[in-house]
Amino acid sequence: QVQLVESGGGLVQPGGSLRLSCAASRTIFSIIVMGWYRQAPGKERELVATITNGGGTNYADSVKGRFTISRDSAKNTVYLQMSSLKAEDTAVYYCNARTPAHNWGQGTQVTVSS
């Protein structure tokens, strides 16, 4: 088990950038896969990006080239750098850690609007 706390969401204009952070309650060194998911109103939760403890990454096609996931084991934190944001990126973003059970944070709202 691990508790996750997301931060960094907010309101941003189209084309802007945000960096989300996910702080874990314990070391993430041994957690094989961590990731970010998002859920827009009226839609199912979807995968955004994952990263393994070896540094391997995977991205949804919709965010490739715009988003970058990273992890800092020394700080027990996972990041999601989001650039060239679009209105369709508006959603609640959730951090996930597989231990191997799925552990979720409470989510952070990202709104892309002019």
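A residue is called buried when its relative accessible area is under 20%, exposed when that area is over 50%, and partly exposed in between, with a 1.4 Å probe and protein chains only. By this scale Ser84, at 41% relative accessibility, counts as partly exposed. The model is a predicted one, in which local features need pLDDT of at least 70 and side-chain atom pairs count only at pLDDT 80 or more, while totals for chains, interfaces and linings use all residues. Residues are numbered from 1 along each chain as its sequence is written, and side-chain values use heavy atoms, with hydrogens and water left out.

The overall plan can be read from the secondary structure, where helices (H or I, at least four residues) and strands (E, at least two) are DSSP runs numbered from the N terminus. The protein has zero helices and 11 strands. Its C-alpha atoms fill a box of roughly 40 × 25 × 20 Å along the principal axes. The radius of gyration, taken over C-alpha atoms, can be held against a globule rule of 2.2 Å times the number of residues to the power 0.38. For 114 residues a compact globule would have a value near 13 Å, and the protein, with 13 Å, agrees with this. Of the 114 residues, 44% count as buried. If contact means heavy atoms within 4.5 Å, then residues 24 or more positions apart account for 54% of the contacts with a separation of 6 or more.

What lies in the interior? In soluble globular proteins, nonpolar side chains tend to be buried together. A nonpolar core is here a set of buried Ala, Val, Leu, Ile, Met, Phe, Trp, Tyr and Cys residues joined through side-chain atoms within 4.5 Å. The largest such core has 30 residues, and those with the most contacts inside it are Trp36, Leu80, Met82 and Tyr93. At least two residues of this core come from each of β3 (18-24), β4, β5 (46-52), β7 (67-72), β8 (77-82), β9 and β11 (108-112). A pair of aromatic rings is described by the distance of the centres and the angle of the planes. Rings of Phe, Tyr and Trp (its six-membered ring) pair if their centres lie within 6.5 Å, and planes under 30 degrees apart count as stacked, over 60 as edge-to-face and the rest as tilted. By this rule the count comes to two aromatic pairs. In one of them the ring centres of Tyr37 and Trp104 are 5.0 Å apart and the planes stand at 70°, so the pair is edge-to-face. This pair links distant parts of the chain, since Tyr37 lies in strand β4 (residues 33-39) and Trp104 in strand β10 (residues 102-104), 67 residues apart. Tyr37 is buried, with a relative accessible area of 13%, whereas Trp104, at 34%, is partly exposed. Tyr94 and Trp104 form an edge-to-face pair as well, with 6.5 Å from centre to centre and 90° between the planes. Tyr94 belongs to strand β9 (residues 91-98) and Trp104 to strand β10, so this pair ties together parts that are 10 residues apart in sequence. Tyr94 is buried, at 13% relative accessibility, and Tyr37, Tyr94 and Trp104 form one aromatic cluster.

Some details in and beside the loops complete the tour. Ile31, in the loop between β3 and β4, is buried, with a relative accessible area of 2%. Beyond residues up to four places away in sequence, Ile31 touches Val2, Arg26, Asn53, Arg71, Ala97, Arg98 and Thr99. The peptide bond from Thr99 to Pro100 is cis, with omega near 5°, and Pro100 lies in the loop between β9 and β10. Asn76, in the loop between β7 and β8, has a phi near 55°, a positive value in a residue other than glycine. Ser84, found in the loop between β8 and β9, likewise has a positive phi, near 50°.
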